[in-house]
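The sequence and structure come first, and the description follows.

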Amino acid sequence: MDSVPRRSPRALALTALQYGVAVAALAWVVLQVDPGATLARLGRVDAPTLLALLAVTLVGLGARFSTWQAVMAPVHPVGFRTAASTDLIVNFVNQLLPSRLSGRVAAPFVLRSQTGMAYADAAAVSGVHTGVYAVYYGLAAAAGLAVAVALTGLSTGLVLLLGLSTGLYLAAGAVVLVTGTNLRLLDPLVESLAGAIARLPRVGDRAAERVRGLLAFTEASTESFRRLVADPGVWVRYALGWAVALVLAPGLRVLLLFGALGVAFEPAALLPLYLVTAYSVTLLPLTPGGIGVTEATATAVFVALGVPGEVAVPVVVIDRTLGVYLPAVAGWYPSLGLDLSDLSPGQ
């Protein structure tokens, strides 16, 4: 197995800075409230509410796992357990890298290890999952932002930040889907590169042959990608799982917590959309997984919507913990079973 390339000091310094910003932002959010009073308030949450939070979280996780099944099944049918482990591992990696999309780069390798599917198919499946996710998220976040601007008094800075992140989701989704269905456009570039490499003494012919092998990869991956994108069933099944996992489950969790802490949010039907919009900053490569920055932005949104800060802070932190951080930690265990010796595209 090839050795893992060492990261440059500059890259390590940038990563350290991003983690520092994440810790500082999260600490700032937590310190906005009185810890003692917050713990006392949370201690009054009754058992039925806690059970409801657990049930909603489990349903949301199951729905999230189903989004992977939606895109994997037409190419390589898998069981629910495999889809679950794939999602947990990818989510684990997402929390280690600067942005959600950069974390998805590892998804094809995870899929290959978990299912044994060809790398070209794995790249297509992960690409479609990423592109469809981004499109749905961008549309929902844009709707939430439009409603919030029309009905509430969000600050200009907050609107610009959320508008930027929402626009990036839509743009990223479009780029991923368009690129994935047109990988063959790279063929002339690959052929030119192979021709140039072939002129190298001694190793040129062999190296050029390896590069030309990418032509078969782009053809196979493009075919799988197009088949998935053109399948209405993929979009419908994905939409159902995505809506439950990213809209309904977080929205219900936050509503339950608001109710338990004595805050009535009106209109309740719009809260899930506001939440999607508030969490859209996870795409910005500011901190790994959006840690800290997402909590700060979501808190600012809810305070602008009339929720007291002493309630908004713990609710956002608890929701993110249940919906993102605990599943990410859970993804560490299945990641130990990855077959790193077989994670080469050429194998």
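A salt bridge is counted here when a side-chain nitrogen of Lys or Arg is within 4 Å of a carboxyl oxygen of Asp or Glu. The model is a predicted one. By this rule, the count of salt bridges in it comes to three.

**Salt bridges**

Side chains of opposite charge can pair when their charged atoms come close.

| Salt bridge | N to O distance |
|---|---|
| Asp87 and Arg64 | 2.8 Å |
| Arg253 and Asp319 | 2.6 Å |
| Arg320 and Glu295 | 3.0 Å |

The salt bridge of Asp87 with Arg64 has its N and O atoms 2.8 Å apart. Asp87 belongs to helix H4 (residues 80-94) and Arg64 to helix H3 (residues 47-72), so this pair ties together parts that are 23 residues apart in sequence. Both Asp87 and Arg64 are buried.

In the salt bridge between Arg253 and Asp319, the closest N and O atoms are 2.6 Å apart. Arg253 sits in helix H11 and Asp319 in helix H14 (residues 309-330), so the parts tied together are 66 residues apart in sequence. Arg253 is buried, its relative accessible area being 4%. Asp319 is buried as well, with a value of 2%.

Arg320 and Glu295 meet through their side chains at 3.0 Å, N to O. This pair links distant parts of the chain, with Arg320 in helix H14 and Glu295 in helix H13 (residues 293-304), 25 residues apart. Arg320 is buried, and Glu295 is buried too.

**Packing of H6 and H7**

Helix H6 spans residues 107-115 and helix H7 spans residues 119-151; the two pack at an angle of about 125°, with their axes 8 Å apart. H6 and H7 are therefore oblique to each other. Their crossing is right-handed. On the H6 side the contact involves Ala107, Pro108, Phe109, Leu111 and Arg112, which meet Tyr119, Ala122, Ala123, Val125 and Ser126 of H7. By class, the residues of this contact are eight nonpolar, one polar and one charged.

H11 and H12 cross at roughly 110°, and their axes come within 8 Å. That makes H11 roughly perpendicular to H12. H11 contributes Leu246, Val247, Pro250, Gly251, Val254, Leu255 and Phe258 to the contact, while H12 contributes Leu271, Pro272, Leu275 and Val276. Ten residues of the H11 contact with H12 are nonpolar, one is polar and none is charged.

The loop between helix H11 (232-260) and helix H12 (271-278) holds Pro267. A cis peptide bond joins Glu266 to Pro267, with omega at about -10°.

**Surroundings of Thr67**

Which residues does Thr67 touch, not counting residues up to four places away in sequence? They are His129, Tyr238, Gly241 and Trp242. Thr67 itself is found in helix H3. The residue is buried: the relative accessible area of Thr67 is 3%, and the cut-off for buried is under 20%.

Note on methods:
Residues are numbered from 1 along each chain as its sequence is written. This is a predicted model: local features need pLDDT of at least 70, side-chain atom pairs count only at pLDDT 80 or more; totals for chains, interfaces and linings use all residues. Side-chain values use heavy atoms; hydrogens and water are left out. Axes are lines fitted to C-alpha atoms, for helices over the stretch in contact, and angles run from 0 to 180 degrees between N-to-C directions. Helices (H or I, at least four residues) and strands (E, at least two) are DSSP runs, numbered from the N terminus. Angles under 35 degrees count as roughly parallel, over 145 as roughly antiparallel, 65 to 115 as roughly perpendicular and the rest as oblique. A crossing is left-handed if the near helix is turned anticlockwise from the far one by less than a right angle, and right-handed if clockwise. Contact means heavy atoms within 4.5 Å. Ala, Val, Leu, Ile, Met, Phe, Trp, Tyr, Cys and Pro count as nonpolar, Asp, Glu, Lys and Arg as charged, and the others, Gly among them, as polar. Buried means under 20% relative accessible area, exposed over 50%, partly exposed in between (1.4 Å probe, protein chains only).
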